[in-house]
Amino acid sequence: MESDPPAAPDRVEHSDEVAALTARYGRIPASERVRLAKSTSNLFRFRAPVSGGLDVTGLDRVLRVDPRRRVADVQGMTTFEDLVAATLPYGLMPLVVPQLKTITLGGAVAGLGIEASSFRNGLPHESVLEMEILTGDGGVVLARPDNEHAELFRGFPNSYGSLGYALRLLIELQPVRDYVRLRHVPFDSTASCAEAIERIGRSGSWNEQRVDFLDGTVFGANELYLTLGTFTSRAPYTSDYTGNRIYYRSIRDREVDHLRTHDYLWRWDTDWFWCSRAFGAQHPAIRPFWPRRLLRSDVYRRLVSLDQRHGLSERFYRLRGRPSREPVIQDVEIPLDRLAEFLEFFHREIGISPVWLCPVRLRDSQGWPLYPMDPATLYVNVGFWATVPLGEGQSVGTYNRAIEAEVSELDGHKSLYSTAYYEPEEFWRRYDGATYQRLKQRYDEAGKLPDLYDKCVLGT
Ligand SMILES: Cc1cc2nc3c(=O)[nH]c(=O)nc-3n(C[C@H](O)[C@H](O)[C@H](O)COP(=O)(O)OP(=O)(O)OC[C@H]3O[C@@H](n4cnc5c(N)ncnc54)[C@H](O)[C@@H]3O)c2cc1C
């Protein structure tokens with residue numbers, strides 16, 4: 001990885017695929033709800049499967065990696081798994097690689113994304129230089145921060161395909177080394193953990209060693225770990241968590257670890273953080289027989305989708321006389337100085353464990369209207385993905401609503417890939433309705449694409 005990079009090949013053209021897609025889009029009648037026909041998704045809003053949809057075949061390739069300029073030209077439906085596979089041979093990676101292999105570049109920009117490099121590099125859309133977008137009205141525009149479509153460029157992140165679809169994105173890349181050295185640092189309180197995040201966020205280092213990646217795992221109110229990743233050219237050994245050993249358990253067991261950079265980037269995918277345990281995939285009697293190639297987040301998500309469609313878990317709970325459960329699957333951004341308050345509420349009222357922490361500061365000083373985080377503030381993304389038993393008289397939505405209220409109270413933000421319960425007025429106040437409506441008017445006047453509120457809250 002650290003020898004001279006090969007010369008950049010010419011860019012693969014994709015105008016034929018764009019023309020074909022535009023024609024297919026034009027043939028969709030105005031009365032029909034437009035949906036992407038994609039084989040994978042990482043959304044957590046399950047709808048009944050529909051036939052048809054907009055066929056996006058041929059829009060899932062890396063068109064060019066330019067090692068000299070450190071940029072890549074990438075089609076919108078390209079998965080990060082394929083994107084990383086294309087850039088690593090050049091000793092490069094995207095500035096933020098979301099943890100799940102089938103998240104696509106377009107999905108991470110239109111629906112946001114985050115990872116352990118986010119305390120340095122912000123969110124994935126902040127390293128996009130330009131985007132070719134099929135807009136709701138059927139035109140194709142090139143949106144850049146400095147051209148006539150600059151407002152669309154800024155308003156596209158968090159628009160969830162409701163203004164248009166990104167067909168090609170030019171993104172920045174950063175150099176990597178062959179290995180990542182991990183330090184799992186324990187803390188016995190949120191306050192001490194938050195203090196360490198503040199120090200690392202300010203200095204970019206810990207105990208005089210540079211920190212390239214920073215995330216955290218909370219096993220309980222008094223058991224938190226920060227995992228500090230540092231690129232290195234040499235490693236005394238490397239660990240493998242793609243088979244019988246399980247990454248998140250290693251955090252408690254060892255202070256230092258080494259992973260190949262490729263394996264570091266996908267460390268969370270193998271067990272979908274820790275969520276694979278719900279399918280028995282971590283059980284010692286099952287794990288050795290679970291094919292390695294099926295230890296993947298997209299496999300587990302398909303299982304959840306099947307379960308939701310057929311109501312299997314719900315029937316199981318009912319038959320055994322157990323209470324129904326509410327899925328509480330969310331990522332929220334909390335200002336670092338309110339993290340302790342949030343986790344105190346969370347342990348007391350929700351009680352899910354483990355919880356994932358990922359510090360993030362916007363890279364861009366101007367901010368992004370549809371997800372208005374303050375560029376001067378260091379936030380911590382708190383991720384939790386499980387179900388919670390409902391009490392007597394409680395209905396689905398009880399816990400998610402409580403979380404929404406707490407996040408608002410603490411000046412946080414909630415991402416929209418899962419369920420949301422906001423009333424329209426509050427939703428548009430939080431996600432800049434004025435800018436959104438202006439963009440909708442300009443790029444999808446006839447409303448061929450569904451509205452952001454309908455999509456993310458009503459789930460239609
Ligand atoms: C359990 C769980 C954990 C998660 N953890 C993380 C995490 O740690 N880090 C992280 O970064 N993200 C995480 N996510 C969220 C994920 O990044 C977002 O859901 C993302 O939008 C999914 O991208 P996708 O490519 O799978 O898109 P899809 O699921 O296919 O689509 C997502 C939305 O984006 C729209 N869309 C898709 N492609 C395009 C495009 N080319 N142009 C415009 N709109 C498009 C779709 O219409 C849809 O509304 C998590 C999600 C779950 C369920």
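Trainee: Which backbone atom does the side chain of Asn-121 reach, and at what distance?

Mentor: The model is predicted, so read each value as computed from it. The side chain of Asn-121 comes to 2.9 Å from the backbone oxygen of Leu-95.

Trainee: What makes that pair a polar contact?

Mentor: The cut-off for a pair of N or O atoms is 3.5 Å. The distance from Asn-121 to the oxygen of Leu-95 is 2.9 Å, so the pair is within the 3.5 Å limit.

Trainee: Where is Asn-121 found, and is it buried or exposed?

Mentor: Asn-121 is part of helix H4. Its relative accessible area is 10%. Buried means under 20%, so Asn-121 is buried.

Trainee: Phe-119 is also found in helix H4. Why does Phe-119 count as buried?

Mentor: Phe-119 has 7% relative accessibility. The limit is 20%, so Phe-119 counts as buried. Its C-alpha atom is 8.9 Å from that of Asp-212, 93 residues apart along the chain.

Trainee: Where does Val-109 lie, and what makes it buried?

Mentor: Val-109 belongs to helix H3. Its relative accessible area is 0%. That is under 20%, so Val-109 is buried.

Trainee: How far apart are Val-109 and His-125, in sequence and in space?

Mentor: They are 16 residues apart in sequence. From C-alpha to C-alpha, Val-109 and His-125 are 4.9 Å apart.

Trainee: Now the backbone. What phi does Leu-112 have?

Mentor: Leu-112 takes a positive phi of about 65°, although it is not a glycine. It lies in the loop between helix H3 (105–110) and helix H4 (118–121). With a relative accessible area of 14%, under the 20% cut-off, Leu-112 is buried.

Trainee: And what phi does Trp-272 have?

Mentor: Trp-272 is not a glycine either, and its phi is positive, about 50°. The loop that holds Trp-272 runs between helix H8 (261–265) and helix H9 (297–310). A relative accessible area of 9% makes Trp-272 buried.

Trainee: Which residues of helix H11 are buried?

Mentor: In H11, residues 339–349, they are Leu-339, Phe-342, Leu-343, Phe-345 and Phe-346.

Trainee: How do you know that the buried residues of H11 line one face of the helix?

Mentor: Look down the axis of H11: the buried residues fall within an arc of 160°, so they line one face. The face turned away from that buried side carries exposed residues, Glu-344 and Arg-348.

Trainee: What follows just after H11?

Mentor: Gly-351 comes there, with a positive phi of about 80°. Pro-354 is in the loop between H11 and strand E16 (355–360).

Trainee: Turn to the ligand. Which residues come nearest?

Mentor: Of the 32 residues around the ligand, the nearest are Lys-38, Ser-41, Gln-99, Thr-104 and Ile-114.

Trainee: Which ligand atom lies 2.6 Å from a backbone N or O atom of Ile-114?

Mentor: An oxygen atom of the ligand. Ala-166 has a polar backbone atom 2.9 Å from a ligand nitrogen atom. For Gly-161, a backbone N or O atom lies 3.4 Å from a nitrogen atom of the ligand.

Trainee: How much of the ligand does the protein cover?

Mentor: The protein covers 96% of the 950 Å² of accessible area that the ligand has on its own. H3 and strand E8 (164–175) are the elements that give two or more residues to the shell.

Trainee: What classes of residue make up the shell around the ligand?

Mentor: The shell has 18 nonpolar, 12 polar and two charged residues.

Trainee: How do you know where the ligand lies relative to domain 1 and domain 2?

Mentor: Domain 1 (15–176) and domain 2 (311–421) both give residues to the shell, so the ligand lies between them.

Definitions and conventions
Residues are numbered from 1 along each chain as its sequence is written. This is a predicted model: local features need pLDDT of at least 70, side-chain atom pairs count only at pLDDT 80 or more; totals for chains, interfaces and linings use all residues. Side-chain values use heavy atoms; hydrogens and water are left out. Buried means under 20% relative accessible area, exposed over 50%, partly exposed in between (1.4 Å probe, protein chains only). Helices (H or I, at least four residues) and strands (E, at least two) are DSSP runs, numbered from the N terminus. The arc is that of the directions from the helix axis to the C-beta atoms. A residue is near a molecule or strand if one of its heavy atoms lies within 4 Å of it. A polar contact is a pair of N or O atoms within 3.5 Å; within protein, one must be able to donate a hydrogen and the other to accept it, and residues adjacent in sequence count only if both atoms are side-chain atoms. Accessible areas come from the Shrake-Rupley method with a 1.4 Å probe; for residues, only the protein chains shown count as cover. Ala, Val, Leu, Ile, Met, Phe, Trp, Tyr, Cys and Pro count as nonpolar, Asp, Glu, Lys and Arg as charged, and the others, Gly among them, as polar. Domain bounds come from an automatic or database domain assignment.
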